[in-house]
Amino acid sequence: MVIEELSRYGIAHTQEKTVIDASPAVLVETALARGEGKLTSTGSLSVVTGAYTGRSPRDRFIVDTPDVHDKIAWGTVNAPFSPEAYERIKAEVIGHLSERRLFVVHGLAGADRRYSRRVCAICELASQALFVRQMLVRPTARELDDFGPADFVVMAAPSLKLDTATYGTHSEAVVLINFQERTILVVGTQYSGEIKKAIFSFMNYLLPLENHVLTMHCSCNMNPLSHGTTVFFGLSGTGKTTLSAAEGRMLIGDDEHGWCDDAVFNIEGGCYAKTIGITPQTEPQIFDAIRFGSVSENVVIDPVTRMADYFDVALTENGRVAYPVEFVPDAVVAGTAKRIPDVVIFLTADAFGVLPPVSKLDRDAAMYHFMTGFTSKVAGTECGIKEPQPTFSSLFGEPFMPLDPNVYARMLGERIDAGGTRVYLVNTGWTGGSYGAGSRIKLAYTRRMVEAAQTGIIDDGEFVHDERFNLDVPVRCPGVPSALLCARDTWVDREAYDRVAESLAQMFVDNAEKRLTTMSDAVRAAGPHPLGVIVNR
């Protein structure tokens, strides 16, 4: 049956050369036998992904077919690729995979079966098949028996290197998403994050248009007693995984979710956590999840003891571990919170060190900051990033959102209104100065701020309004030094703070004028305003 399935995709194969829906143990054994990786002292399969240790945004394209041409928000992020050039590369991928032993994984994208999509992943590496198996929602035995035709297929060919002149790519690697054909090609890169994010991008196109589900680049957790639910938006490195994997909370998922009328559900079945600097004390849930069945990417391993050194960045600062969500104690394995979020938290890693560590947003301000998505890309998460780089990434996940930002923002506004959801902006970046002069806000303090927002305690106190950034900032927060809450007070040179803050506020204005021209007047007025250009709300 699977051979016939491969044949439908053009891949000529035999049963003997195909490993189908293998268990983690079989995939680990096979990967070790083929020299794809090594076991760490805790039992994780450790792999090194070569030249690509992070995503390569300039190598990702959407095939510009007639049915999607007027729906995609084209630009430098959603870059078009011609159908003709796509067909040439697809032919190469099919020929390449047909000559190799293949590992086929059937999984689901979307834990809520009302909205899930069937995925068939065809991999040339056992280690990548293990990654896909652990990251997708794993079907039950009955669902696997009744799987039927996949809603879309992923073909991963990391050892196929493309000639740029022949195929019109930017490098030897390329990620191609074809919505019309329902196919994803991941070529020339072993970094498995490309597979994960391409599947997410696919769902970010399908669910809003076909199911009116808001897809979100966020983590999500739940209070085990009240079932109060929090979603954390943020780019990689801002704290989504760390803050959602908190003791006393039940994890729904760490990165990708859908918000429908009556629930929040995980699009994935696993977590993909950064490993840099983790210890059993700082991030115990992630640390303990690095065991047999997990895949560690680009983590330095002692050749004798096989112990991982999570502080060694010789390979990259973007060391990662992928593991199924059930590796997290008290996780909601079903992947669904059967209620809408009580709290939304936007995470920004401000490398300028001028935004307050926590502030409260009303509906218009929430839509503004959602569409703006200010943060800093941290080292290693993308190729070439060596230190934090301030950036505006709409929806806190622009690289994965194919539609116009207004589509997602309007859906968020509707859901805030319908559910009375409370929204906060939390800065997990710098304080006391910009990157290189100030220091990163301590995780322990950020956790206290998040807890205060989740319980609503933070709303009981006094707030002051920051005129420049147009934010309501609490005067006090349990467990957090009051001096930390006012960003300006943490700087020794207050005039230097004003200069940097004024510059950042102007960046917000310029970004909205250049990139978010369809933003409504009310939403635009809710954003920052350099002093002297203050808009009364």
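In which helix is lysine 197 found? Select helix α7, residues 193-211, and you have the one that holds lysine 197; helices (H or I, at least four residues) and strands (E, at least two) are DSSP runs, numbered from the N terminus.

Before going further, note that this is a predicted model, where local features need pLDDT of at least 70 and side-chain atom pairs count only at pLDDT 80 or more, while totals for chains, interfaces and linings use all residues. Residues are numbered from 1 along each chain as its sequence is written, and side-chain values use heavy atoms, leaving out hydrogens and water.

**Stop one: the annotated site**

Stay on lysine 197, which counts as buried at 11% relative accessibility (buried means under 20% relative accessible area, exposed over 50%, partly exposed in between, with a 1.4 Å probe and protein chains only). Leaving aside residues up to four places away in sequence, lysine 197 touches Arg55, His217, Asp255, Glu256 and Phe400; a contact means heavy atoms within 4.5 Å.

Now pick arginine 55, in the loop between β3 (45-47) and β4 (60-63). Arginine 55 also counts as buried, at 12% relative accessibility.

**Stop two: threonine 229**

Select strand β12, residues 229-233, where threonine 229 is found. Is threonine 229 buried or exposed? Threonine 229 is buried, with a relative accessible area of 0%. Not counting residues up to four places away in sequence, its contacts include Cys220, Arg249 and Pro341. For a distance to check, go from threonine 229 to serine 394: they are 165 residues apart in sequence and 23 Å apart in space, C-alpha to C-alpha.

**Stop three: two packed helices**

Finally, show helix α10 (residues 363-372) with helix α14 (residues 494-515), which pack at an angle of about 80° with their axes 11 Å apart. Axes are lines fitted to C-alpha atoms, for helices over the stretch in contact, and angles run from 0 to 180 degrees between N-to-C directions. To see the contact, display Tyr368, His369 and Thr372 of α10 together with Phe508, Asn511 and Ala512 of α14.
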